[in-house]
Amino acid sequence: EKQGFKHFMLKEIYEQPGVVRACLEAYFTNTEKSSESPINLGLPTDFYADLAQIHIVACGTSWHAALVGKYLLEQLAGISTQVHYASEYRYAPSPLTPNTLIVGVTQSGETADTLAALAMEKERRQGQEPQYQARLLGITNRPESSLGLMVPHIINTLAGIEIGVAATKTFIAQLMAFYALALDLAARRQTVPLEKLVEIITGLRQIPKEIEATLESQESLTEHLAHDFAETKDFIFLGRGINFPIALEGALKLKEISYIHAEGYPAGEMKHGPIALLDSKVPVVAIAVPGSVYEKVISNAQEAKARDSRLIGVTPVKDGEAAEIFNDLLPVSSVDELLSPILTVVPLQLLAYHIAARRGLDVDQPRNLAKSVTVE
Ligand code: M6R
C-alpha cells in the first residue's frame, strides 16, 4: 500500500499535487462562465448574506490552516475573522454577534474539542433572533463523519485517506478549501477586482506543477540536511504574514515526528524574548518569499544569524543577494505571495520527515499520538 515509499507520510507528501488538482477541479468549476463567482462550493446563495464576521474553531494542523484562512478571508474578502483553539473556545466563547459564520475545520471530522465547540455554538444560538442563529460550515476530509452529521454545509477537502499521524496532504487540501471560500466571498462581495481574482485562480492552477518541482528539488536537499540535525535539540521556525502559520506548521511537524523541540514564531516577535534562545546550537528556518514582508523577514533572519544560528532559508533561489545570508537553502519557486503557503510548507514537511526517518523513529505512528483525538 505504500507504493514503494518507506512510510505513508512520504507517500502522502507526494500525493499533494494530485490533491490540489482534485480540489481545483471540484471548487473552481465556474471559471469560464459569467456567473457571480468563479467558485462553486455548493453553498446556498443566502449563506453569505449580510455576513459580518467569521469565527473558526480547530485544533493542531487544522488550526494552522485556519490561520492561513483568516489571512485570506480578511485580506481578500474583507471579513473580520477570528481563529480559536476549539479546546479553549468551548469553555470561553466570544460574545454572541449577529450575522456570524462559524467554521469548524477538522480533517477527521471526529476531533472531540472541535465537535464540542461547534455543538456549544449551535446550542447557545438556538432560540435567539434570526440574525443570531447558527450559520455553521464544516471543512473536513470525511463528510460522513460526526462533523458531517452536525453541520448543514461541508466543504469536502478531497485529500483521500491519510494514514500518517502527521497531517500533510489534508493540510494542503484545507488550504485549498480556504482559497475557494475566501475567493468566493471576495467575488460575491466584490472586494477584489475580477482581473485579480482570475490572476489568483490562474496562479492556483499552476500550483500542482510547482509542488512537483519542489518535491523533485527538495527530496535530496532535505535528506542531506537531515544528516546534520540528528543530534539537534531545538529548532526555531520564522515566518510573517501569510507564512507565519507555515512556521507554526513546520515546527509542529518536526516536534510530533522527530521529538525535537521546535517553536514557530512570527519573525518580528523574536526580539521580544525568543532571540535569547539563539546560539550556534539552535538552527533557524526562515520563510522569506517576495511580497509585503520579504525585507522584514530577511532582516529578522539576519538578526538570528548574528547570534551564530545556522540559518536555513525557504526562499526563491533566484534571489541571489538575499539567498547569500542563508547557510542552507530550501528553494521554492517565486509565486504570488498569497499562494506561497501551499509551496513553502512542502520543504518543511520533507525536512521533518527526513530528520525523523534519519533518527530511526516510527514516522507514521509517533509516540503518544493518535490520528484522531476523540477524547477531550
Ligand atoms: O482531525 P483534525 O484535523 O481535527 O485533527 C486535529 C489535530 O489533532 C491534528 O491536526 C494534529 O495536530 C496532527 N497530528 C498534526 O499533524
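**Pocket, cavity and a helix pair**

Modeller: Start with the largest pocket. Helix H3 (60-75), helix H4 (86-89), helix H5 (112-125), H7 and helix H9 (244-258) each supply at least two residues of its lining. Helices (H or I, at least four residues) and strands (E, at least two) are DSSP runs, numbered from the N terminus. This is a predicted model: local features need pLDDT of at least 70, side-chain atom pairs count only at pLDDT 80 or more, and totals for chains, interfaces and linings use all residues. Residues are numbered from 1 along each chain as its sequence is written, and side-chain values use heavy atoms, without hydrogens and water.

Biologist: How many residues line the largest pocket, and which lie nearest its centre?

Modeller: Rolling a probe the size of a water molecule over the atoms shows where empty space is left. On a 1 Å grid over the protein atoms alone, a cavity is a set of points where a 1.4 Å probe fits but cannot get out; a pocket is an open set with protein on both sides within 12 Å along at least five of seven lines; lining residues have an atom within 4 Å of a point. Here 31 residues line the largest pocket, and Cys59, Gly60, Thr61, Lys371 and Val373 lie nearest its centre. Its volume is about 580 Å³, counted as the space filled by probe spheres set on the points, which are joined across faces, edges and corners.

Biologist: Which residues line the largest cavity?

Modeller: Arg240, Asn243, Ile287, Ala288, Val289, Val293, Tyr294, Val297 and Glu337 do. The space inside is about 40 Å³. One cavity reaches 30 Å³ or more.

Biologist: At what angle do H7 and H12 pack?

Modeller: Axes are lines fitted to C-alpha atoms, for helices over the stretch in contact, and angles run from 0 to 180 degrees between N-to-C directions. H7 (residues 169-189) and H12 (residues 340-358) pack at about 170°, with axes 11 Å apart. The two are therefore roughly antiparallel (over 145 degrees; under 35 is roughly parallel, 65 to 115 roughly perpendicular, the rest oblique). Contact (heavy atoms within 4.5 Å) involves Phe171, Ile172, Leu175, Met176 and Tyr179 of H7, and Pro341, Ile342, Val345, Val346 and Gln349 of H12.

Biologist: Where does Tyr259 lie?

Modeller: In the loop between H9 and strand S7 (261-266). Tyr259 has a positive phi of about 65°, though not a glycine. At 26% relative accessibility, Tyr259 is partly exposed (buried is under 20% relative accessible area, exposed over 50%, partly exposed in between; 1.4 Å probe, protein chains only).
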